[in-house]
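Here are my notes on this model, as promised.

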Amino acid sequence: MRALALLLSASLAMAQEYIPLPGADTGQGPLDRSYALIYPAERPRAVLLLVPGLLGGSTNFALLAEHLGRLGPDLEVWAWERRANGLEDRRGFLLEDPLAYYRSMAEPDLSPLRHWGLEVHLKDLDLAVDAARRRAPVVLVGHSLGASLATLYAWAQGEKLAGLVLLDGSLPDPPLSREAFWEGTTTPFGPLPGLRALLLGQGDPAFRPPFLSPRDLALAEAEAFLAARRPLEPVPFGPYRATREARALLRVDDHYSLLPVFSVSVGRAWAREGLNLLGLLQGRVVHTVRGPRGRVVEWRDTGEATDPREFLRTFALPEMGFSEWYFPYRLLLEVAGYPHTGLGLGPKALPYPVLALGAARGLIPEAQAFRLKSLFPDTQARVEILKGLTHLDLLTEREGRTARILLAYLQGLGLP
């Protein structure tokens with residue numbers, strides 16, 4: 001299905017290129033590849049290879065890449081997409097109403113996900129690093145779970161890199177127990193299978209958190225795709241009406257989202273508000289929108305960290321999007337239980353400094369939570385916590401704070 005994206009890559013702006021990359025051989029033919037959204041430089045002095053987090057796609061990094069391109073013209077940016085993105089059916093984005101298409105979306109065969117664990121993804125990432133190194137020295141940047149993956153890659157192949165950056169993510173501490181890794185465990189969201197069940201063909205091979213099924217992710221991209229093109233068009237919103245941009249942004253804004261780790265600070269709805277009972281059950285004050293009497297719900301840019309229209313503009317394209325609809329549960333399990341994978345990965349010193357950026361309203365709001373001394377002993381490291389930002393604002397914020405810190409880090413490495 002990803003062949004559609006490759007055929008359409010010429011439709012991207014001239015400053016971007018979307019390409020397939022060779023992947024580990026698992027006997028799955030065209031699925032044995034990963035992908036990269038590339039912001040090229042004519043003669044790059046460095047390549048930033050960006051690894052998205054849980055459920056993240058390449059356009060997570062679009063606004064950050066645009067800031068980097070403006071500030072560092074000798075820098076090439078590669079926004080990586082994992083192989084499961086190749087399972088997505090993106091034909092709906094070529095239709096007049098992609099929402100109708102994805103409301104009745106049929107899932108593909110997800111059995112390959114059972115075989116795509118940590119070893120496969122580290123090999124895929126290694127091949128992506130090799131491809132990027134043909135352009136210039138590579139600095140690996142991981143966000144959220146992507147920071148965990150980048151850490152494990154640095155333990156395995158760190159000598160191939162020129163630098164390492166962790167964005168609001170680190171390896172779990174403590175890691176999953178051996179029993180939970182193999183036999184499964186119970187969480188407030190229900191039972192989670194262990195690796196033994198996955199290998200026996202039991203349990204769902206895709207990770208499906210509450211309110212974020214593959215269909216939910218596809219529909220969110222479709223809504224954002226339409227909202228970027230017709231932001232003020234009124235559409236149904238429960239018993240009320242809202243502009244397309246308001247309906248799309250209400251899903252992800254930190255004031256309204258039920259899932260704070262996946263939220264951004266993009267403004268406020270112009271509407272009557274109430275409290276969300278599901279939010280209160282989580283111990284959080286989450287607002288709902290009731291709609292102004294006789295008018296549509298509109299959206300206001302209140303000057304928060306992320307520009308709402310710029311966010312929608314880059315959220316979804318026919319070729320790629322903000323989400324990884326079919327995230328392999330096995331990868332999540334093996335990152336959480338990495339000591340039990342048999343890959344022999346463990347802390348090591350690196351020959352270059354490590355940079356860690358946290359978000360004050362994100363996953364890692366305190367410097368010590370990165371645990372850099374234990375992950376990378378005898379390695380220079382610097383941590384900075386960006387005030388006022390959520391987990392995703394770190395990638396999407398409008399001022400270019402993250403980009404400037406990354407460029408300063410590269411300059412300290414002797415790169416552009």
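1. Start with the helix pair α2 (residues 62-71) and α11 (residues 308-315): their axes lie 9 Å apart and cross at about 105°. That angle makes α2 roughly perpendicular to α11. On the α2 side the contact uses A62, L63 and E66, and on the α11 side E310, F311, R313 and T314. Sort those contact residues by type and you get three nonpolar, one polar and three charged. Bear in mind throughout that this is a predicted model.

2. Stay with α2 for a moment. Seven of its ten residues are buried, so the helix counts as mostly covered, taking under 20% relative accessible area as buried. The buried set is A62, L63, L64, A65, E66, H67 and L68. What do these buried residues pack against? The list is β2, β3, β4, α11, α14 (393-396) and α15.

3. Now the sheet. Eight strands form an open sheet with mixed pairing, in the order β1-β2-β4-β3-β5-β6-β15-β16.

4. Look at the pairing around β3. Strand β3 (residues 46-51) runs parallel to β4 (residues 75-81), and five bridges join the two. Within that pairing, L49 stands opposite W78 in β4. β3 also pairs with β5 in the parallel sense, again over five bridges, and here V47 has V138 of β5 as its bridge partner.

5. Two helices pack on this sheet. Helix α4 (residues 118-133) touches β1, β2 (33-39), β3, β4 and β5 (138-143), and its direction makes about 160° with that of β4. Helix α15 (residues 401-412) touches β3, β4, β5, β6 (163-167), β15 (354-361) and β16, with a direction at about 170° to that of β16.

6. L50 sits in strand β3 and has 0% relative accessibility, so it counts as buried. Beyond its neighbours within four places in sequence, L50 is in contact with F61, V77, W78, A79, W80 and V141. L50 and A65 are 15 residues apart in sequence, with their C-alpha atoms 9.4 Å apart.

7. How many of the six residues of β5 are buried? Six of the six are, so β5 is largely enclosed by the rest of the structure. V138, L140 and G142 point one way from the strand, V139, V141 and H143 point the other way, and all are buried. β5 pairs with β6 in the parallel sense over five bridges, and V139 has G163 in β6 as its bridge partner.

8. Helix α5 (residues 145-157) is another covered element. Eleven of its 13 residues are buried, so the rest of the structure largely encloses α5. The buried ones are L145, G146, A147, S148, L149, A150, T151, L152, Y153, A154 and W155. Its length checks out too: at 1.5 Å a residue, α5 should span 18 Å, and its end C-alpha atoms are 18 Å apart, which agrees.

9. A few backbone spots deserve a look. Most residues other than glycine have a negative phi, and most peptide bonds are trans. The bond from D173 to P174 is cis, with omega near 0°, and P174 is in the loop between β6 and α6 (178-183). F211 has a positive phi near 70° without being a glycine; look for F211 in the loop between α7 (195-199) and α8 (214-229). D378 is not a glycine either, yet has a positive phi of about 55°. D378 is in the loop between α13 (372-375) and β16, and with a relative accessible area of 78% it is exposed.

10. Last, is Q16 buried or exposed? At 17% relative accessibility, Q16 counts as buried. Q16 is in the loop between α1 (3-7) and β1 (17-22). Setting aside neighbours within four places in sequence, Q16 is in contact with L37, I38, Y39, P40 and L317.

Definitions and conventions: Residues numbered from 1 in each chain as written. Predicted model: local features only at pLDDT ≥ 70, side-chain atom pairs only at ≥ 80, totals over all residues. Heavy atoms only, no water. Helix = DSSP H or I, 4+ residues; strand = E, 2+ residues; numbered from the N terminus. Buried < 20%, exposed > 50% of the residue type's maximum accessible area, 1.4 Å probe, protein only. Contact = heavy atoms within 4.5 Å. Expected span 1.5 Å × (residues − 1). Axes fitted to C-alpha atoms, helices over the stretch in contact; angles between N-to-C directions. Parallel < 35°, antiparallel > 145°, perpendicular 65-115°, else oblique. Nonpolar A, V, L, I, M, F, W, Y, C, P; charged D, E, K, R; others polar. Pairing = 2+ DSSP bridges.
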